[in-house]
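Subject: Structure handover

Hello,

Please find the structure below.

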Amino acid sequence: MSAAMGGAEFHGFGGAAQLPRSRMLGRPLRVAPPGASPAGGGGGASAASIRAVSAPLKKDPSTVKRSKVEIIKEKSNFLRYPLNEELVSDAPNVNENAVQLIKFHGSYQQSDREVRGQKNYSFMLRTKNPSGKVPNQTYLAMDTLADEFGIGTLRLTTRQTFQLHGVLKKNLKTVISTVIRNMGSTLGACGDLNRNVLAPAAPYVRKDILFAQETAENIAALLAPQSGAYYDLWVDGEKIMSAEEPPEVTAARNDNSHGTNFPDSPEPIYGTQYLPRKFKIAVTVGGDNSVDILTNDIGVVVVSDSAGEPVGFNIYVGGGMGRTHRVETTFPRLADPLGYVPKEDILYAIKAIVVTQRDNGRRDDRRYSRLKYLLDRWGIDKFRTEAEKYYGKKFEEFRPQPEWQFNSYLGWQEQGDGKLFYGVHVDNGRLGGQVKKTLREIIEKYNLDVSITPNQNLILCGVEQAWREPITAALAQAGLLEPKDVDLLNITSMACPALPLCPLAQTEAERGILPILKRIRAVFDKVGIKEEESVVVRITGCPNGCARPYMAEVGFVGDGPNSYQIWLGGTPNQTTLAETFMNKVKLQDIEKVLEPLFSYWHSTRQEGESFGTFTNRMGFDQLKEVVNKWAESAAAA
């Protein structure tokens, strides 16, 4: 069942004890789960291989080409080795193999690219916060860690998590163990597995919202690594659980009725190889596209009956943003509608989709390993058929759902339980200085939980009516504008961190977006566009698309020093994919492109027509002609 390859045992990608495909349909809704999988072998320092049992391979493993990362994962003793040895060495960094493994534990090794000479190593940590929920205790711990071990700032991410930059290797165990002991986690925030699960961040006491958030948390638990390596490395094997796992999650993970699992493995879903690449899931309610639902590997939408009771889910598959410049076979992609499942089946359906990608996603070339490329290669019909073999029944027809709209959840709003929440606008999600200090004081004084939005903002939850006035005053004194006073361009914009710490960045994003937004507003003023009008602007320093620029009305994607591709055609509700309009536009020249476009939009648009819809209606050939004529007129003047 295994074959030696490159000095490592290759255990395959398929589940165990698979039934003939013809017998895989018609599984009952609930099956008694088998006994719990064995624990992760203990002993974080051990480099001995823990064998995972797998089904016969579809292909002879000696003929399967695999990337270097696949070999590293397989030989790692379920994410332990050689990371355990590298963490206790005197070097300020970890080696190449450990760099790949530490991602699974929630960290990236980085160096400050603006420091010349020898490498200035540090680590970025990312937390795991399903649906963006952050308990009071966790927030205060993260705030303290940023000051004591980071660069004094916290970053709210586009996937509803924290990023903590600048942690030295010698402090990693202290920082991660502190997160764990304060109801937090970094496990699976990065790496080739399911990342943080998004859901609407607003703490509305509403059946569908609460059900979406609960479902996000259950999916996150279902797909969390199980081997125990995380606790071995960071808290010496102590299992610190903030809450008991729901029994339905355990049952779904252990169920192997349709050959989804490695039954004798510490990782019953992932096996030794985990997934081919990262995997992203979002859950939302009908009409609420605060989560950019179509950009995820799996998008899950709560469907409710006429009485407002959740009854099931519509499911999308195959979205993703990353691409590579000048490699046209890489591309961003919107998710396809897969089908509907009743609410009691959602964990089984998610597991079936993940396993379909696990067993069929490419592992030879990581550029093509995301689920979107499997969908592009197979088409939705074949993918549905294959996923149904693991699901054990047919996906039902999509249920009707409302039109999508973007929700920011900013400002004061009623929760529905007599309390309020306040959505704080945070430019680019970066908390630092007096703003960070004041937010801590408020959160600590009133014992508030918080929630992070997919648009990099922070929600103060559970605010008593009597606290509204003093909190508003404290935020104003710290320089935090009320959302109604923030430029709409800033409200809907996003940027990735990029320089100086991201090794992939080709130019600025976070540090450059605010000046760019001011320049866009100046162009608006010049051509007569009113201040209450806006476009969705997103900026990334490279083509990986962390700030989802390919959904923006105007996307800036770094393609060189002080240079950007300009993407046009996204829509305000994030349902249309943008396309490349121009390459290699220098930072100092963006007005030469945007001024003629915005002027043309202002003078030619239909009533209520957004900029993205306008660019799609007019077509790029026409728009390029407008830009060229504008340049000719300027040259002649």
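Two strands count as paired if DSSP finds at least two bridges between them. Helices (H or I, at least four residues) and strands (E, at least two) are DSSP runs, numbered from the N terminus. This is a predicted model, in which local features need a pLDDT of at least 70 and side-chain atom pairs count only at pLDDT 80 or more, while totals for chains, interfaces and linings use all residues. Residues are numbered from 1 along each chain as its sequence is written, and side-chain values use heavy atoms, with hydrogens and water left out.

Confidence

The average pLDDT (the predictor's confidence in each residue, from 0 to 100) is 91 for the chain, and 90% of the residues score at least 70. Residues 1–58 stay under 50. For that stretch the model has 150 contacts (heavy atoms within 4.5 Å) beyond four places in sequence. Where pLDDT is low, the predicted coordinates should not be read in detail.

Strands S18 to S20

Strand S19 (residues 554–560) pairs with strand S20 (residues 563–568) in the antiparallel sense, over 6 bridges. S19 also runs parallel to strand S18 (residues 537–540), joined to it by 4 bridges. Val554 in S19 is the bridge partner of Val537, and Val554 is likewise bridged to Leu568 in S20. The hairpin of S19 and S20 has 2 residues between the strands, and Asn562 there takes a positive phi near 50°. Is S19 buried or exposed? Of its 7 residues, 7 are buried (under 20% relative accessible area; exposed is over 50% and partly exposed lies in between, with a 1.4 Å probe and protein chains only).

Axes are lines fitted to C-alpha atoms, for helices over the stretch in contact, and angles run from 0 to 180 degrees between N-to-C directions.

The other open sheet has 5 strands, ordered S3-S4-S7-S6-S14, with antiparallel pairing. Strand S3 (107–111) and strand S14 (430–431) are its edge strands, pairing on one side only. S14 is joined to strand S6 (residues 154–156) by 2 bridges, and Leu154 stands opposite Leu431.

Helix pairs

The axes of helix H9 (residues 346–360) and helix H10 (residues 371–378) come within 10 Å and cross at roughly 80°, which means H9 is roughly perpendicular to H10 (65 to 115 degrees; under 35 is roughly parallel, over 145 roughly antiparallel, the rest oblique). Thr356, Gln357 and Asn360 of H9 meet Leu371, Leu374, Arg377 and Trp378 of H10.

Helix H17 (residues 611–618) packs against helix H18 (residues 620–636) at about 100°, with the axes 6 Å apart. H17 is therefore roughly perpendicular to H18. Phe614, Thr615 and Met618 of H17 make the contact with Phe620, Gln622 and Leu623 of H18.

Regards
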